[in-house]
Amino acid sequence: MNGWIRWGITQLFFVLSVICNISFAISSPNLISSLGLEEAQLGELGGIYFASFSIALLIIGGLMSTIEPRLLLGGSAVVAAIGALILSAANGFEGALIARLLMGVGLSTAFVGVITYVSKEFPQNFAFMAALSNAIANLCSALLAITNSVIPILAGFRAPFRLLAPLMLFTAGLLFVVLRERKSSSESASIPAEGSPQATLSAAELPTAICKILTTPQFWYVALYFGGLFGSFLAYADLWNIPYQLKVFGHTIQHASLLNSAFPIGMSVGSLIGGAWANRAGFLIPIRVFSIVALVTEALLFGNALPEAGAGFAFFLVGIGCSAASLALAALPEHLEAILVPIATTFVMTFTYLLSALIQVLAGQPGGKSGITTFTSYQGSIATIVVPVAIAAASSFLIRRRTRATAAI
């Protein structure tokens, strides 16, 4: 039961991180009007968030196995709460910029934290529990988007973050308390047996650990797979679902929001199906099948081979296909020692967010200075998205299962 509680608290942190991002995206029009920002400044707020998130995640890659998770995750949640509070009280661009920087740093540990505790508490059901964690977070994202399309609860940007700040602080307190490793006095006094798993790495062992990760081919195959699918998913969510539908297809904001929810709903459904499938048959077949589903569906979107009424279903299928990204993380504990998995996971996530940022920059090029306002330029952007998905599909056939080595570093 304690394992479920620890997973539940880290899952709560992950869900709140997703809600923070969705709330900012949906309430950004009000942020622009309330603070008198230009669209370019909104882009800078997004840039500082991704930059701070990626840099913090890269640094935390080493710290996840050298500092107690309760201190690292709890401290990150406090930083995110301070960022949310500053944003709710911001009166200009500078305040919003500081808030987004702090939120990027604070929220960078959320996904890695839940994956770390899935690995610790449910090693035999890693694929299913990782998929379940992803499904819950995306379902919350979809429900929030759908609710807002009916009742504009995120019309103003201040109220959501005034609520999120204390919720994040409360979660930080739970992380500090619940993730504390409790040992009996006899266990504390005993000397660990030779060859037993380490709880943390020393600073001197960290370079060797990182070298081991980066020289493991399976790590790179997982990174290409996860990055290609999840990076593509992030690009779709940020680029197409609302602004491009308004400009290219003339959809209303309500219509665009409903279509926007098809991606996370598909990812939630796909995560549950893929997780159950992986739990019964292993993760290799699901990751291959789902990546092909994503690739074929995006190829049909590129070729305009689907009727307009089928766009929502196509987005749903893309979400299902991209949901397999988290399943591939199950390969990491099979090829790396348990203590290296949190570091490897943070490296995969850092690679993914940097790749997503690159995809988004390149996907915006076909429209030139006038922006993507025609289907031709929209089609050119889709072509940019298809490439990493194709690489992910190819990588799925290079990922292998192997019994994890037991030798210590």
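**Close-up views of a predicted all-chain model**

The chain exposes about 17300 Å², of which carbon and sulfur atoms supply 68% (Shrake-Rupley method, 1.4 Å probe; for residues, only the protein chains shown count as cover). This is a predicted model, in which local features need pLDDT of at least 70 and side-chain atom pairs count only at pLDDT 80 or more, while totals for chains, interfaces and linings use all residues. Residues are numbered from 1 along each chain as its sequence is written, and side-chain values use heavy atoms, with hydrogens and water left out.

**View 1. The largest nonpolar core.** This core has 110 residues, and Leu87, Met168, Leu229, Phe283, Leu329 and Ile399 touch the most other members. A nonpolar core is a set of buried Ala, Val, Leu, Ile, Met, Phe, Trp, Tyr and Cys residues joined through side-chain atoms within 4.5 Å; buried means under 20% relative accessible area, exposed over 50%, and partly exposed in between (1.4 Å probe, protein chains only). Beyond its neighbours within four places in sequence, Phe283 is in contact (heavy atoms within 4.5 Å) with residues including Ala127, Leu327, Glu334, Ile399 and Arg401.

**View 2. The salt bridge between Glu334 and Arg401.** The closest N and O atoms of this pair are 2.8 Å apart; a salt bridge is a side-chain nitrogen of Lys or Arg within 4 Å of a carboxyl oxygen of Asp or Glu. Glu334 lies in helix 16 and Arg401 in the segment after helix 18 (375-396), so the pair ties together parts that are 67 residues apart in sequence. Helices are DSSP runs (H or I, at least four residues), numbered from the N terminus. Glu334 is buried at 14% relative accessibility, whereas Arg401 is partly exposed at 48%.

**View 3. The salt bridge between Lys212 and Glu337.** Here the closest N and O atoms are 3.2 Å apart. Lys212 belongs to helix 9 (residues 206-214) and Glu337 to the loop between helix 16 (332-335) and helix 17 (341-363), so the pair ties together parts that are 125 residues apart in sequence. Lys212 is partly exposed, at 31% relative accessibility, and Glu337 is buried, at 11%.

View 4. Among the buried residues of helix 12 are Gly266, Gly270, Gly274 and Ala278. Gly282 follows helix 12 and has a positive phi, near 90°.

Methods
Helix = DSSP H or I, 4+ residues; strand = E, 2+ residues; numbered from the N terminus.
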